[in-house]
Amino acid sequence: MKRRDFLKVTALAGLSISTGNLFDCFTYNVFASDFVDIAVAEGPSPSGITNAAINALGGITRFISRGDTVVVKPNIAWDRRPEQAATTNPEVVSTLIGLCYEAGAGRVKVFDRTCNDARRCYKQSGIADAAAAAGADVSYIDDRKFKTVKIDGLVLKEWPLYREILEADKIINVPIAKTHGLSKLTLGMKNWMGIMGGWRGRIHQKIDESLVDVSMIIKPTLVVLDAVRILTANGPQGGRLEDVRMLNTVIAGTDQVAIDTMGAMLFGMEGRDLGYVKIGDRVGLGTMDLSRLNIKKITL
Amino acid sequence: MKTNLIKNLRRISQGIFLLLFLFLFIRTESQGADELGYPVKIFLDFDPLILISTLLSSHVIVGGFLFSLVLIAVTMILGRVFCGWICPLGTIHNMAGSLKKKRTRAIHPHWYRFKYYILLFVVVSSIFTVQLAGILDPIAFLIRSLSLSIYPLFTSTIRAFFDTVYALHIPIITDISEFIYDILKQSILSFQQPFFFQAIFIGFIFLTVLGLNLYEKRFWCKYLCPLGALLGILSRYALLKRSVSEGCTSCGVCETMCSGGAVTDRNGASRKTECLYCLDCDDMCPHNAVSFGFGSTEKAAPINLERRHIFTSVIAGITVVPLLRITPVSRKGFFDTPLIRPPGALNEREFLKRCVRCGECMKVCITNGLQPTLVEAGLEGVWTPRLVPAIGYCEFRCTLCGQVCPTGAIRKLTIKDKEEVKIGMAVIDTGRCLPHAYGMSCIVCEEVCPTPEKAIWLEERSVINRSGERTVVKQPQIDLERCIGCGTCETNCPVKGRPAIYVINTNESRSDDNRLLLSL
């Protein structure tokens with residue numbers, strides 16, 4: 001994709017946000033191949049679009065095998081209700097758990113290291129109840145289960161990470177798209193903060209590099225970005241319904257950088273506006289060049 | 001024939017009430033929902049001493065306390081059955097006393113009066129608006145001691161044990177211990193290990209009181225308990241009466257084993273107001289000479305307080321008021337800024353009149369931020385709750401402290417009100433804040449600021465670093481109209497010890513004098 005085309009895409013993305021027809025611009029993708037890299041599904045049912053997006057990528061069996069221990073990692077960081085769009089949509093989470101079991105997963109685990117009181121976050125977000133109903137093992141973070149991992153990254157030498165995610169066969173990252181005071185947006189890569197131990201506040205000194213460092217260690221099998229509702233201001237915690245926009249969309253794929261690039265466009269930004277996307281692209285974690293990807297849009 | 005029927009019935013009753021108490025105590029903990037769901041403060045609701053002292057000190061009748069009329073009525077009919085059959089602290093005293101094998105008659109038969117003087121002191125001081133009942137009220141005393149000391153000690157011990165086994169990683173054994181640990185975590189352990197200032201001190205007092213049972217069984221109940229004294233007065237004309245028939249041989253068994261120190265001589269004569277109605281003497285009397293019934297017309301002996309001691313108690317109750325209040329903390333217009341009260345707390349004077357220091361708010365606080373004061377609120381405010389954000393902040397949408405407060409010293413807020421009540425305001429120490437003082441990026445305080453429109457906002461500032469390069473940093477600023485003083489910023493500030501952002505009680509909604517802003 002040439003620079004001019006890229007600008008066109010961006011402009012169209014901006015336009016499509018304002019008209020509500022998200023990602024129509026991708027339907028003309030000239031590099032289309034049979035293999036779908038990223039699926040964007042839009043529709044009224046969170047469960048429906050999640051299913052549709054996974055199907056478009058080739059179905060859940062492309063990612064999950066019989067007997068796998070799967071970690072589904074939503075964002076449960078805050079004591080907020082689903083309609084406040086600070087935590088992942090519970091229906092998206094439970095749908096993914098259901099799909100994993102359909103594919104024969106042995107166990108599906110759900111947890112997050114929350115910022116507010118964990119009991120309130122798990123309960124108020126609706127995720128604990130929805131995930132448990134879908135058959136997942138929902139657990140609170142156990143401080144004993146952090147293991148210091150050698151990272152030798154751009155800024156992080158080592159950091160305690162959650163053992164259960166390190167030991168999982170498959171990882172599905174299910175973040176929600178929100179604004180953030182420092183990293184501008186919190187999307188997929190930033191969701192890994194929920195499996196980091198120690199004093200996480202410190203990583204804000206070099207947040208972009210830190211996020212890339214952790215994302216190089218935790219490689220998800222699948223990323224499903226929840227944009228059923230997005231939080232456009234006062235993130236990442238929100239609380240004001242005026243700041244929430246209904247997009248009724250999920251974006252699924254395997255490339256952490258590409259997914260976050262797509263996420264940026266939801267907010268009228270580009271991938272390169274986000275430090276961690278730019279660095280992630282540079283160090284080869286993934287690509288922010290969407291023209292190299294086969295993106296499929298589904299409207300239900 | 002001697003039977004242990006009644007004794008066993010009493011033990012079953014004591015056991016049930018103690019378990020009920022402990023169950024409710026353990027359930028005084030968030031499950032993540034907005035409402036607690038259990039009437040955890042119900043034992044205090046039934047406590048007429050708290051009813052009377054609150055009524056006298058702040059001239060209000062808190063709704064829940066109407067239950068205590070039930071206890072008053074029961075006592076006027078059946079005597080101090082509460083002490084003998086229900087009181088969880090009394091039951092614990094029984095258990096502690098069972099460590100002392102030998103039963104003796106009351107060592108200090110005249111000390112029983114002491115608790116009436118305490119009662120008088122407490123009541124008189126409440127008339128003059130100082131609320132001291134909770135310090136010695138058995139229910140408040142028990143909840144406070146368990147909450148702030150014994151329960152944290154218990155959970156810490158259990159955790160240490162299972163953590164050790166976990167760290168050893170012994171196959172099978174560790175699996176089994178983790179399985180048991182999980183069950184304990186879901187039943188009797190707290191969600192997280194609580195930590196409280198003065199835990200040792202408060203625990204020491206509690207264990208000393210229990211230890212007195214080794215000197216004399218039920219020492220507390222006989223000589224100290226002000227609720228026991230109140231119920232004693234109410235039981236003086238109780239319809240259920242103890243009588244000794246002519247079959248009495250003056251063997252003295254009842255005198256020796258009387259747990260309330262009520263039986264005063266070998267002939268079985270007793271002071272009705274001291275009788276705990278355990279009915280042991282009825283059971284134990286070898287000649288079946290002792291019986292309890294409604295028919296007896298025997299007159300009860302008076303409590304027989306000494307006039308000069310009554311006088312002393314009343315004077316003490318009066319003089320304690322100015323004594324406690326000649327500290328600057330009581331001076332109008334003086335605010336000790338670190339004294340941050342829970343959200344919904346009444347203004348300080350009214351708050352102190354009502355708080356009975358039961359410690360339920362501190363037990364239920366989900367971040368462990370509510371801590372007992374020692375002298376921060378003056379001696380009058382000893383063991384009242386204050387928020388220490390360096391330990392834990394006030395969770396934005398949590399209203400549990402107001403839900404469990406038995407006297408309304410902390411109002412029960414709706415979530416909407418809670419989101420607006422200010423308990424103080426945040427202050428930035430620009431000499432320590434990373435973006436302000438060192439030009440480094442941080443913004444943690446802004447990220448965690450919970451108000452829907454963030455009270456902490458970021459000002460972009462261009463700064464020059466040591467190499468002469470110009471960079472832009474985001475420096476936090478505080479919007480005083482939005483800031484509610486919850487302290488989330490202080491808890492999470494990466495600068496530990498003396499955080500670069502901290503909360504003071506200035507601008508708290510509950511005080512007209514401590515407000516900072518012209519309009520709110």
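In the predicted model, helix α9 of chain B, which spans residues 138-168, packs with helix α11 of chain B, spanning residues 199-215, at an angle of about 105°, and the axes of the two helices lie 9 Å apart. Because angles from 65 to 115 degrees count as roughly perpendicular, α9(B) is described as roughly perpendicular to α11(B). On the side of α9(B), the contact is formed by Arg144(B), Ser145(B), Leu148(B), Ser149(B), Ile150(B), Pro152(B) and Leu153(B), while α11(B) contributes Ala199(B), Ile202(B), Gly203(B) and Phe206(B). When these residues are sorted by class, the contact of α9(B) with α11(B) comprises 7 nonpolar, 3 polar and 1 charged residues.

Taken along the principal axes, the C-alpha atoms of chain B fill a box of roughly 105 × 65 × 35 Å. Chain B has 520 residues, of which 47% count as buried. With regard to contacts in chain B between residues at least 6 apart in sequence, 74% join residues that are at least 24 apart.

Chain B also meets chain A, and in this pairing 22 residues of chain A are in contact with 29 residues of chain B. On the side of chain A that touches chain B, the residues divide into 5 nonpolar, 9 polar and 8 charged.

How values were computed: Residues numbered from 1 in each chain as written. Chains lettered and ligands numbered in written order. Predicted model: local features only at pLDDT ≥ 70, side-chain atom pairs only at ≥ 80, totals over all residues. Axes fitted to C-alpha atoms, helices over the stretch in contact; angles between N-to-C directions. Helix = DSSP H or I, 4+ residues; strand = E, 2+ residues; numbered from the N terminus. Parallel < 35°, antiparallel > 145°, perpendicular 65-115°, else oblique. Contact = placed C-beta atoms within 7 Å. Nonpolar A, V, L, I, M, F, W, Y, C, P; charged D, E, K, R; others polar. Buried ≥ 20, exposed ≤ 12 C-beta atoms within 10 Å, placed from the backbone.
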